[in-house]
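Please read them with the structure open.

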Amino acid sequence: MKIPISKPNLDDEEKNAVQEVLNSGFLAQGKRVAKFEEDFGRYIGVTQAIATSNGTAALFIALKALGISPNNKVITTPFTFVASASSIMHCGAIPIFCDIDPQTFNIDPNSLEKILKKERDSIKAILIVHLYGLPCPMDEIMLLANQYDIPVIEDCAQAHGAEYRGKKVGSFGKASAFSFYPTKNMTTGEGGMILTNDDELGKKCRMLINHGSNKRYHHELLGYNFRMTDIAAAIGCVQLKKLDESNQKRRENAEFYNRELSSIPEVKIPTVPDYALPVFHQYTIKLKQHRDDLARFFDQKGIGYGIYYPVPLHKQEFMYQIGRDGNYPMAELCSREVFSIPVHPLLKKEELEYVVNLIKHFYREGFN
Ligand SMILES: Cc1ncc(COP(=O)(O)O)c(C=O)c1O
């Protein structure tokens with residue numbers, strides 16, 4: 001049996017939507033992008049939505065539009081995909097890492113408060129990541145951000161539709177960024193979205209992704225071409241309609257794993273705090289021992305898994321080059337223990353059972 005760690009949930013509806021765009025002859029940004037922006041903004045519950053070429057561009061432009069400039073400091077987590085920090089560095093700014101809560105893998109509000117107390121005048125923004133589809137503790141984060149008057153940017157690349165106390169992530173901060181990469185909970189091939197309730201900020205983002213212009217061949221700002229195509233947006237509109245059902249399926253798959261894996265002493269199943277409705281972009285267990293052996297066992301059996309992320313960002317080579325290191329013990333611990341297993345909505349019952357039996361077999365009989 002071969003089971004991939006992720007699989008985009010695509011069928012004839014997406015194919016027909018793309019075909020329609022191809023038939024129209026208008027492939028670049030047009031009415032489908034406008035429709036996707038409107039639908040996605042309404043779904044999350046914000047007024048401004050700006051589609052982009054990918055999630056990294058969405059993060060970078062949100063930071064740029066907020067005025068993040070060379071040598072500014074922006075707090076973020078070291079336990080995330082590289083783009084959360086590289087988007088800060090592309091502004092010439094400096095990521096200040098904040099350690100995580102090892103139960104949730106998200107930024108720890110106590111560590112955040114310590115950094116804010118120490119560096120209150122030099123921090124220009126807080127970039128949080130709702131990792132694996134689990135919302136960050138937003139009450140605590142927003143309280144601190146308001147107290148110190150620092151804007152929050154939400155990296156929602158892994159959390160489409162996730163809710164914190166009944167409110168969708170991506171609607172809490174000054175701006176948020178989504179990714180529609182094919183492994184995500186919904187996809188457009190490549191693609192991203194910036195969301196905000198601030199009209200001025202939204203307008204600036206829209207100009208920045210379109211050569212700094214809102215009137216053809218007149219350029220008020222130094223901009224970029226980070227536009228989404230109508231081909232991508234046509235896929236996005238269909239994918240958005242399926243999102244709630246896909247997320248529900250992910251939660252059901254996660255519940256099945258919870259039931260089956262919680263009795264294995266070597267396996268720590270994911271924690272979901274009361275405040276969260278997660279969307280299980282990943283189902284990530286923690287293994288104190290033998291993680292790499294289990295990974296080899298999965299490889300041998302053709303079953304997909306992921307180690308997100310094996311090297312925390314402060315330990316990445318390109319960070320040493322700019323002289324940053326530091327001590328983030330929880331991020332380092334998690335990078336040694338995490339192991340994500342397939343949880344995507346297309347998994348069949350027998351595939352879920354196969355994955356569970358593989359893990360049970362491994363911890364009963366060892367690696368053979
Ligand atoms: C947490 C996080 N931030 C940012 C990104 C960047 O998104 P993209 O790959 O669309 O540029 C990703 C996904 O790849 C991600 O997982």
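1. A residue is buried if 20 or more other C-beta atoms lie within 10 Å of its own, exposed if 12 or fewer, and partly exposed in between. Phe-105 has 27 other C-beta atoms within 10 Å, so Phe-105 is buried. Bear in mind throughout that this is a predicted model.

2. Phe-105 also deserves a look at its backbone. Its phi is positive, about 70°, although Phe-105 is not a glycine. The residue sits in the loop between strand S3 (94–97) and helix H5 (109–119).

3. Asp-149 is another non-glycine residue with positive phi, here near 55°. Asp-149 belongs to the loop between H6 and S5.

4. Check the peptide between Tyr-308 and Tyr-309. The bond is cis, with omega about 15°. Tyr-309 is in the loop between helix H9 (291–301) and helix H10 (317–321).

5. Gly-304 is found in the loop between H9 and H10 as well. Gly-304 has 17 C-beta neighbours inside 10 Å, so it counts as partly exposed. Which residues does Gly-304 touch, not counting those up to four places away in sequence? They are Ile-3, Pro-4, Ile-5 and Pro-342.

6. Now the ligand. The shell around the ligand has 14 residues, and the closest are Asn-54, Gly-55, Thr-56, Ala-157 and Ser-179. Two elements give two or more residues to this shell: helix H3 (55–65) and helix H4 (83–89). By class, the shell has eight polar, five nonpolar and one charged residues.

7. Domains next. The assignment gives domain 1 as 12–99 + 106–239 and domain 2 as 243–365. Their C-alpha centres lie 25 Å apart. The contact takes 25 residues from domain 1 and 26 residues from domain 2. On the domain 1 side, the residues divide into 14 nonpolar, seven polar and four charged.

8. Helix H2 (residues 31–44) packs with helix H8 (residues 230–261) at an angle of about 35°, and the axes are 8 Å apart. The crossing of H2 with H8 is left-handed. H2 brings Arg-32, Val-33, Lys-35, Phe-36, Asp-39, Phe-40 and Tyr-43 to the contact; H8 brings Asp-230, Ala-233, Ala-234, Gly-236, Cys-237 and Leu-240. By class, this contact has eight nonpolar, one polar and four charged residues.

9. Cys-136 lies in the loop between strand S4 (123–129) and helix H6 (138–148). Why does Cys-136 count as buried? Cys-136 counts as buried because it has 32 C-beta neighbours inside 10 Å. Leaving aside neighbours within four places in sequence, Cys-136 is in contact with Asn-106, Ile-107, Ile-128, His-130 and Ile-141. Pro-265 lies elsewhere: 129 residues from Cys-136 along the chain, with 27 Å between the C-alpha atoms.

10. Glu-154 is a charged residue in strand S5 (residues 152–155). Beyond neighbours within four places in sequence, Glu-154 is in contact with Ile-128, His-130, Val-169, Gly-170, Phe-172, Gly-173 and Ser-176. Ile-128 and His-130 are also among the contacts of Cys-136. Ser-171 is 17 residues from Glu-154 in sequence and 8.5 Å away in space, C-alpha to C-alpha.

11. Last, Leu-352 in helix H12 (residues 349–365). With 19 other C-beta atoms within 10 Å, Leu-352 is partly exposed; the cut-off for buried is 20 or more. Leaving aside neighbours within four places in sequence, the contacts of Leu-352 are Asn-253, Phe-256 and Leu-347. Met-138 is 214 residues from Leu-352 along the chain, and their C-alpha atoms are separated by 32 Å.

Technical notes
Residues numbered from 1 in each chain as written. Predicted model: local features only at pLDDT ≥ 70, side-chain atom pairs only at ≥ 80, totals over all residues. Near = placed C-beta within 6 Å. Helix = DSSP H or I, 4+ residues; strand = E, 2+ residues; numbered from the N terminus. Domains from an automatic or database assignment. Contact = placed C-beta atoms within 7 Å. Axes fitted to C-alpha atoms, helices over the stretch in contact; angles between N-to-C directions. Left-handed = near helix turned anticlockwise from the far one by under 90°.
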